[in-house]
Structure formats: C-alpha cells, structure tokens
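Please look over the sequence and the three-dimensional picture before reading on. This briefing goes through the chain topic by topic.

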Amino acid sequence: MTRIDAWTWAVRLYKSRSLASAAVKAGHVRVNDERAKPATSVHVGDVVRVRAEGYEKVFEVVRLLDKRVSAPLAQAAYVDHSPPPPPRDEFFGAFGTRERGAGRPTKRDRREMDELRGRR
C-alpha cells in the first residue's frame with residue numbers, strides 16, 4: 001500500500017514530492033476515475049490519470065514504489081496507456097504565431113492573440 005503522492009513522485013511523474021502532493025490536492029490526479037487525495041492508497045492494477053500540459057496521461061500501476069528510483073526502474077513500475085499528444089501545430093493552431101524578426105508584440109497584438117487562443 002503506497003500513497004498516490006509518493007508513488008507519482010517515485011515513478012518520476014513529478015520532480016518533487018511537494019509538487020506531486022500539490023497536483024493531487026489541486027485535482028490533477030485521479031485514481032480509478034475518482035478524484036484522489038494525497039493519502040489515497042494505490043494498489044497494483046489501479047489506473048492513474050494525470051492531467052498535465054493540456055492533455056491527460058493514463059498509467060496502470062504494475063509495481064508499488066515508496067522511494068524514488070532510477071528512471072529505468074521507474075518506467076518498469078507502470079504501463080503507459082496515454083494517447084499520443086496532439087501535434088504542436090494542432091494544439092496551438094496556426095493563429096497567434098508571429099514572423100521571425102517581427103519584434104515584440106504590442107499590447108493590442110497580445111490581446112488579439114489571447115482572444116484567439118481562448119484565454120479571454
């Protein structure tokens with residue numbers, strides 16, 4: 001029995017234990033399709049969903065780890081069922097790109113780019 005925050009840190013999904021705990025508290029980590037708390041127990045066979053960088057990563061727990069281990073051992077502790085990330089052009093779209101050497105965007109340009117990206 002291992003805590004979800006410790007497991008996500010041990011398998012190198014987060015750089016530090018505090019970042020892993022903060023992500024779990026913020027609701028970015030789900031265990032078996034239910035929102036997890038940092039102390040939620042993880043068992044072999046559980047499905048862990050981590051939302052990061054605009055898309056979701058899906059992992060199946062194969063081995064429980066309490067301590068951080070080397071990268072090859074960490075990768076052996078889970079099976080990655082994540083769909084491939086969307087292509088960068090599709091994710092950002094053709095809008096909001098500026099020609100090289102066009103200089104710094106003005107306040108008006110930034111507002112237009114934010115509006116196109118759906119940030120306003």
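The model is predicted, and its protein chain has 120 residues, of which 28% count as buried.

**Secondary structure**
- The protein chain contains five helices and seven strands.

**Overall form**
- The protein chain is more spread out than a compact globule, because its radius of gyration is 19 Å, well over the 14 Å that the globule rule gives for 120 residues.
- Along the principal axes, the C-alpha trace of the protein chain spans about 55 × 25 × 25 Å.
- When contacts in the protein chain between residues at least 6 apart in sequence are considered, 40% of them join residues at least 24 apart.

**Surface and charges**
- The accessible surface of the protein chain is about 8,400 Å², and 50% of this surface belongs to carbon and sulfur atoms.
- The protein chain carries 25 positive and 16 negative side chains, with the centres of these two sets lying 8 Å apart.

**Confidence**
- Averaged over the protein chain, the pLDDT is 88, and 92% of the residues score at least 70.
- Confidence in the protein chain is highest in strand β4 (residues 41–42), at a mean of 96, whereas it is lowest in helix α4 (residues 88–92), at a mean of 56.

Methods
Residues are numbered from 1 along each chain as its sequence is written. This is a predicted model: local features need pLDDT of at least 70, side-chain atom pairs count only at pLDDT 80 or more; totals for chains, interfaces and linings use all residues. Side-chain values use heavy atoms; hydrogens and water are left out. Helices (H or I, at least four residues) and strands (E, at least two) are DSSP runs, numbered from the N terminus. The radius of gyration is taken over C-alpha atoms; the globule rule is 2.2 Å times the number of residues to the power 0.38. Buried means under 20% relative accessible area, exposed over 50%, partly exposed in between (1.4 Å probe, protein chains only). Contact means heavy atoms within 4.5 Å. Accessible areas come from the Shrake-Rupley method with a 1.4 Å probe; for residues, only the protein chains shown count as cover. Lys and Arg count as positive and Asp and Glu as negative; His and the chain ends are not counted. The place of a charge is taken as NZ of Lys, CZ of Arg, CG of Asp or CD of Glu. pLDDT is the predictor's confidence in each residue, from 0 to 100.
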